[in-house]
Amino acid sequence: MLLILFAGCLLVACGKEVAPGPQVVAHRGYWKTEGSAQNSIASLLKAGEIGVYGSEFDVNLTADDELVVNHDFTYKGLVIRKSTLAELRNDTLRLANGELIPTLDEYLEASLQYPEMKLVFELKSKGDPEYEATAIRKSIEAIKRHGVQKRVEFISFSLSACREFARQMPRNRVEYLGGEMAPDELKKLDISGIDYHHSVFLSRPEWVVEAHNKGMVVNAWTVDEDKDIERMLLLGVDQITTNNPERVMELAEEFEVRDIPSSEL
Ligand code: MG
């Protein structure tokens with residue numbers, strides 16, 4: 001403990017910033033806190049308040065081709081793709097914190113309050129080409145309309161959606177979620193990152209190295225337990241997606257300080 005304090009004081013005294021740890025992404029926003037709920041506007045704003053690198057959210061397309069933020073393909077018993085926006089935003093259907101299901105437009109508008117925070121945009125898709133074409137077109141239109149292009153990182157379990165985002169938005173990070181593809185295979189498809197369940201990196205730690213050698217970003221989800229967080233810190237992943245963003249930031253900071261070579265003290 002004394003060593004940690006000493007190192008911290010020395011770094012502050014020298015005006016040297018502690019090396020940044022992995023980028024922390026709040027999974028479905030910061031929702032494990034008072035007044036919040038998964039994928040709510042509040043969860044996005046609360047993620048901004050605690051200063052995470054990015055806030056993740058899930059996007060679905062309605063029957064009338066509107067984009068809404070929700071994790072599942074269903075909302076309160078309604079199949080989103082078979083329900084209109086008006087049906088989904090019925091006054092009686094509310095998130096745990098009382099909000100209506102957010103539209104993507106509302107979400108992006110609210111994000112302007114925290115312009116430094118990245119928007120980790122997951123497109124939900126079952127791979128239907130027509131659905132994806134509409135969802136991707138409307139997503140990109142909304143992103144451009146709100147002027148947040150530079151803040152968006154795309155993720156999806158749909159490889160075809162990842163490829164299309166990479167084609168249409170080549171300057172943005174696109175990370176594939178599936179977990180079964182080697183970094184090299186994805187790099188050949190112009191996909192710039194892997195965003196896999198943390199267990200994948202434990203069984204295939206070489207993929208972290210391979211991805212970095214290819215200049216790709218490595219994101220691990222959903223890393224909530226201390227022992228798993230520490231494992232990902234040790235593996236050197238670039239991003240940690242978590243339901244406990246404050247805990248990850250805390251452990252990452254301790255890890256960085258503890259890891260300073262004694263020669264620098
Ligand atoms: Mg998600």
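Glu-56 sits in strand β2, residues 54–61 (strands are DSSP runs of E, at least two residues, numbered from the N terminus). This is a predicted model, where local features need pLDDT of at least 70, side-chain atom pairs count only at pLDDT 80 or more, and totals for chains, interfaces and linings use all residues. Residues are numbered from 1 along each chain as its sequence is written, and side-chain values use heavy atoms, with hydrogens and water left out.

Leaving aside residues up to four places away in sequence, Glu-56 touches a set of residues including His-27, Arg-28, Asn-39 and Glu-122 (contact means heavy atoms within 4.5 Å). Leu-44 lies 12 residues from Glu-56 along the chain, and their C-alpha atoms are 8.3 Å apart.

## The magnesium site

Glu-56 (OE), Asp-58 (OD) and Glu-122 (OE) coordinate the magnesium ion at 2.0 to 2.1 Å. Donors here are N, O and S atoms within 2.8 Å of the metal (3.2 Å for Na, K and Ca); water is not among the atoms, so sites may look incomplete. Along the sequence, the donor residues follow the spacing E-x1-D-x63-E.

Glu-56 counts as buried because its relative accessibility is 2%, and Asp-58 does too, at 0% (buried is under 20% relative accessible area, with a 1.4 Å probe and protein chains only).

## Helices α2 and α4

Leu-44 turns up again here: Ile-41, Ser-43, Leu-44 and Leu-45 in α2 meet Glu-106, Tyr-107, Ala-110 and Ser-111 in α4. The angle between α2 (residues 41–49) and α4 (residues 104–111) is about 20°, and their axes are 10 Å apart. The two helices are therefore roughly parallel (angles under 35 degrees).

Notes. Axes fitted to C-alpha atoms, helices over the stretch in contact; angles between N-to-C directions. Helix = DSSP H or I, 4+ residues; strand = E, 2+ residues; numbered from the N terminus. Parallel < 35°, antiparallel > 145°, perpendicular 65-115°, else oblique. Buried < 20%, exposed > 50% of the residue type's maximum accessible area, 1.4 Å probe, protein only.
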